Amino acid sequence: MTTTPRQPNPPLLQDRYQITAKLGDTRLASVYRGLDMRLNRPILVHVLRADLQNNDTLRERFISEANDQAKRTHPALLDVFDQGQVGLRPYVITEDASGKPLAEALPLTLPEGMRIWRKIVGAVATALATQTAVPPLASRAILITDTGIPMLLEPWWLTPDELRDEQRAYWAPE
C-alpha cells in the first residue's frame with residue numbers, strides 16, 4: 001500500500017494569516033498572497049524583505065509607511081487591515097488585489113480611460129492630502145483588478161529595473 005506524502009501546511013503568520021504564495025518583491029517588501037483565517041478572506045501580506053531586515057533606516061521607513069497608509073482610504077489604494085512584526089521583519093496585511101497591469105488592458109475606450117484616470121488621480125490626491133507615499137505612477141504599476149477597479153500600488157510583478165524604465169515616461173523633463 002502506498003500513501004501520498006502529506007503536504008506541509010502553508011506558513012501561518014501570528015496564528016492568523018496563512019501565506020499561500022509569494023507574488024514578488026517591491027522596493028521594501030516581499031509580497032505574498034494569503035488568507036485571513038479568522039475572517040476567512042483573501043489578503044496580501046507585505047513583509048520587509050529579508051535582505052533589508054538589518055537596515056534600521058529602511059525598517060523604520062517600512063513601519064512609518066505602513067502607519068501612514070493605514071490613515072488613508074480610497075478605492076484605488078490598498079486598505080491596510082493589520083500590521084505587526086516577527087523578529088526584525090515588520091509586516092503589513094492589506095486587502096487582496098489580483099488582476100492585470102493597465103498596460104496589458106490596452107487599448108481602452110475613451111470613457112473607460114477617463115474612468116480609470118479619475119480613480120488614479122483621486123488616489124494620488126488622497127495620498128498627497130494625507131501626506132503619505134504615492135505609489136509609482138506608471139501604466140504597469142496600475143493594476144486593473146478582476147472586478148475592473150484600478151489600483152495604484154507598488155508593483156511586485158516588476159523588477160526594480162523594469163519599474164525604473166517604466167517610470168521614465170512619467171518623469172518631468174527637467
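Reader: In what order do the elements of the protein run from the N terminus on?

Author: This is a predicted model. Its elements run β-β-β-β-α-β-β-β-α-α-β-β-α. The secondary structure comes to 4 helices and 9 strands.

Reader: Why is Thr-126 called buried?

Author: Buried means under 20% relative accessible area. Thr-126 has a relative accessible area of 16%, so Thr-126 is buried.

Reader: Where does Thr-126 lie?

Author: Thr-126 lies in helix H3, which covers residues 110-129.

Reader: Which residues does Thr-126 touch, not counting those up to four places away in sequence?

Author: Leaving out residues up to four places away in sequence, Thr-126 touches Arg-72, Thr-73, His-74 and Leu-77.

Reader: What share of the residues in the protein is buried?

Author: Buried residues make up 39% of the 174 residues.

Reader: Among contacts between residues at least 6 apart in sequence, how many join residues at least 24 apart?

Author: The share is 53% of those contacts.

Reader: How far apart are the mean positions of the positive and negative charges?

Author: They are 2 Å apart, for 20 positive and 21 negative charges.

Reader: What box do the C-alpha atoms fill?

Author: Along the principal axes, the box is roughly 65 × 45 × 30 Å.

How values were computed:
Residues are numbered from 1 along each chain as its sequence is written. This is a predicted model: local features need pLDDT of at least 70, side-chain atom pairs count only at pLDDT 80 or more; totals for chains, interfaces and linings use all residues. Side-chain values use heavy atoms; hydrogens and water are left out. Helices (H or I, at least four residues) and strands (E, at least two) are DSSP runs, numbered from the N terminus. Buried means under 20% relative accessible area, exposed over 50%, partly exposed in between (1.4 Å probe, protein chains only). Contact means heavy atoms within 4.5 Å. Lys and Arg count as positive and Asp and Glu as negative; His and the chain ends are not counted. The place of a charge is taken as NZ of Lys, CZ of Arg, CG of Asp or CD of Glu.
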